[in-house]
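Dear colleague,

I am passing the structure below to you, together with a short account of what was found in it. Please read the two side by side.

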Amino acid sequence: KLTFNENIELKYLEFDSERGMLDILFSKYIKNIPCLFGWNSKNQWMYLINRAKKLNLNPEKCSLSGKLITKLNIPEHNIVLDYLDIYKKYDTSILIKEDDSIEWAIKNILNIKKKNINPCIYESCFDEFVLHSANDSYLIYLLHKKLNSFDVFYKMSQIAHTELLKTFSPIHQDETMIGRELLKNNNVMIHDDEENIENRVV
């Protein structure tokens, strides 16, 4: 049963410039968040990366190792995931998903009608804009609690002993599990150009 009576404290910071805001976001907040989710958020993440570069900031500071990986420039050793991808791949509560929008998911899964706002509210009433943005984040959290789609995703990673970001690939999972079984019998998988290995499976 899903309940909504949670005590949530909302705080937001004011910055003098976009550059100062992004600097703190990458160097302090994202760097210390083990797992960051959004809904259909890949474009939003790339926008943040590109804005940082345009403002002569190094987005790699959001990574504990100082490295960004994959084509999406995900921080190494941190997890930045699009919950929509997990929902589409692992959720079975709704077999036919007519729409990928957050509005559709909230209406059909949580039975909540999401309030849409005028984009101009950013200029006219900034506090309400911030509250609306926080509300969107909370709704994604409620979807997670209701569906537990990430738990399935995480369990698949545990079973295959693969990194979370590679769990989307069934091929990588299969190769990892097959390779582990081969090693139990002292067999290894090698490239064609490797030689002088007695036990080999190509």
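Asp 82 is buried, at a relative accessible area of 4%; buried means under 20% and exposed over 50%, with partly exposed in between (1.4 Å probe, protein chains only). This is a predicted model, in which local features need pLDDT of at least 70 and side-chain atom pairs count only at pLDDT 80 or more, while totals for chains, interfaces and linings use all residues. Residues are numbered from 1 along each chain as its sequence is written, and side-chain values use heavy atoms, with hydrogens and water left out.

Asp 82 belongs to strand S4 (residues 79-82); helices (H or I, at least four residues) and strands (E, at least two) are DSSP runs, numbered from the N terminus. A polar atom of the Asp 82 side chain lies 2.8 Å from the backbone nitrogen of Ser 41.

The largest nonpolar core has 23 residues, and Trp 39, Tyr 87, Ile 109, Leu 143, Phe 150 and Phe 153 touch the most other members. Such a core is a set of buried Ala, Val, Leu, Ile, Met, Phe, Trp, Tyr and Cys residues joined through side-chain atoms within 4.5 Å. At least two of its residues come from each of helix H3 (83-90), helix H4 (102-110), helix H6 (126-147) and helix H7 (149-160). Another core, of twelve residues, lies apart from it and includes Phe 26, Ile 30, Trp 45 and Ile 74.

By contrast, Asn 56 is exposed, with a relative accessible area of 65%. Asn 56 sits in the loop between helix H2 (42-54) and strand S2 (68-69).

With kind regards

Key: A polar contact is a pair of N or O atoms within 3.5 Å; within protein, one must be able to donate a hydrogen and the other to accept it, and residues adjacent in sequence count only if both atoms are side-chain atoms.
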